[in-house]
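Welcome, and please have the model open beside you as you read.

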Amino acid sequence: LEESIRNRLITILFGTTQFISGEEISKQLNCSRTAVWKHIKELKKNGYQIESVPKKGYRVISRPDRISEDEVKHQLHTKRFGQVVHYHESVTSTQEIAHRFALDGALEGTLIIADEQVKGRGRLGRAWHSPKGTGIWMSIILRPAIPPQQAPQLTLLAAVSMVKAIIRVTNIQPEIKWPNDILINGKKIVGILTELQAEADRVNSVIIGMGINVNTAEVNFPADILDRATSLRVVHGEALSRSALVKALLEEMEKLYDTYLDEGFPFIKVMWESYAASLGKMITARTLKGELYGLAKGITAEGSLILEDEDGQIHNIYSADIDIPK
Ligand code: BT5
């Protein structure tokens, strides 16, 4: 309830460039002027610049580029995704927190989001660089009634949603590299990590972690990933609102997810293939069992990668790192 008053307050303040009196606000929100004043104080603490002049009232000067609960939920058009938000300034890893919430019975669509991760993780124990204030580090809890083998499809679903959200916000069309990278100009802009809580034949929850380099400056990437990583700001030329991107992502993802639950994977597969960087190219797939070189032909109805090697033999690849030659 407190949250929704604050969100309505944000809407009122942003609805005008003029001063608006405390009395007017308190009428619109149906609360006391002291309550208004307290909420304003809270917003200021959260980085909003709000001017207050006696007898005139309040006026917003700027809103921060924050991804806190208020910002994410303000004018978010979803039913479940992001309707519960746990925001933290700094965490070890949002995945770690999401696992705990999932075990405790968190609702589907619960979002864990942080301004900084100090132990962000990639696949296979790799690290994910998650510096403060520039990116989006988030995990979302899903509870699909699917067998565990199908969970990788959700990685592909998340990737398609991400591409759609990036197009919506920047007009730039990124490419997907199987299974979990989003690239622009061949450099990684988003990484996706899908983790499961499952029994042998049933999924309890799927936790989808996404790391998005939004406003990172090139100089701020560590030397070892600099040649492989980029940010939306670098390619777009100007800083973007992180919360706008999170909202776009949550909206796109909920839509696709609902269709997925109704109709299954086929239409996601089609969209995924239309955004895929590797298809029709010779690639190297590094799997735990060794390397394979061949033509990336597509993905199966289950979401695994189809590779035809130089002897014409077809391989289904369930998990690997892919190199696409430039
Ligand atoms: C991934 O792993 O790409 C999955 C990354 C998932 C991160 C999100 S952030 C929110 C949630 N909480 C977490 O703790 N994790 C998830 P993988 O395909 O294994 O790629 C990891 C590799 O990408 C590293 O070994 C680096 O080479 C590179 N890398 C690390 N940080 C990067 C960054 N910020 N941008 C681009 N590349 C990066």
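Let us begin with Q18, which is exposed at a relative accessible area of 53%; exposed means over 50%, buried under 20% and partly exposed in between, with a 1.4 Å probe and protein chains only. Q18 sits in the loop that joins α1 (2-14) to α2 (22-29); helices here are DSSP runs of H or I with at least four residues, strands are runs of E with at least two, and both are numbered from the N terminus. From Q18 to G209 the C-alpha distance is 41 Å, across 191 residues of sequence.

A word on the ground rules. This is a predicted model, in which local features need pLDDT of at least 70 and side-chain atom pairs count only at pLDDT 80 or more, while totals for chains, interfaces and linings use all residues. Residues are numbered from 1 along each chain as its sequence is written, and side-chain values use heavy atoms, with hydrogens and water left out.

E96 belongs to helix α5 and counts as partly exposed, at 31% relative accessibility.

**Backbone features in loops**

Where does the chain take a positive phi outside glycine? K55 lies in the loop from β1 (49-53) to β2 (57-62) and is exposed, at 89% relative accessibility. Another is N185, whose phi is about 50° and positive although N185 is not a glycine. N185 is in the loop between β7 and β8, and with a relative accessible area of 68% it is exposed. A cis peptide bond is found from W178 to P179, with omega near -5°. P179 is part of the loop between β6 (175-177) and β7 (181-184).

Is Q153 buried or exposed? Q153 is buried, having a relative accessible area of 5%, and its place is in helix α6 (residues 152-170). The Q153 side chain reaches the backbone oxygen of E302 at 3.1 Å. This is a polar contact, that is, a pair of N or O atoms within 3.5 Å; within protein, one atom must be able to donate a hydrogen and the other to accept it, and residues adjacent in sequence count only if both atoms are side-chain atoms. T110 is buried too, at 2% relative accessibility, and lies in the loop between α5 and β4 (111-114). A polar atom of the T110 side chain is 2.6 Å from the backbone oxygen of L107.

**The ligand and its surroundings**

Which residues come nearest to the ligand? Of the 28 residues around the ligand, they are S93, R121, R126, K188 and N213; a residue is near a molecule if one of its heavy atoms lies within 4 Å of it. By class, this shell holds 9 nonpolar, 13 polar and 6 charged residues. Here Ala, Val, Leu, Ile, Met, Phe, Trp, Tyr, Cys and Pro count as nonpolar, Asp, Glu, Lys and Arg as charged, and the others, Gly among them, as polar.

| Residue | Protein atom | Ligand atom | Distance |
|---|---|---|---|
| H129 | backbone N or O | nitrogen | 2.9 Å |
| N180 | side-chain N or O | oxygen | 3.2 Å |
| R228 | polar side-chain atom | oxygen | 3.1 Å |

Taken alone the ligand exposes 790 Å², and the protein buries 93% of that; these accessible areas come from the Shrake-Rupley method with a 1.4 Å probe, and for residues only the protein chains shown count as cover. Elements that give two or more residues to the shell around the ligand are α5 (94-103), β5 (135-142), β8 (187-198) and β9 (203-213).
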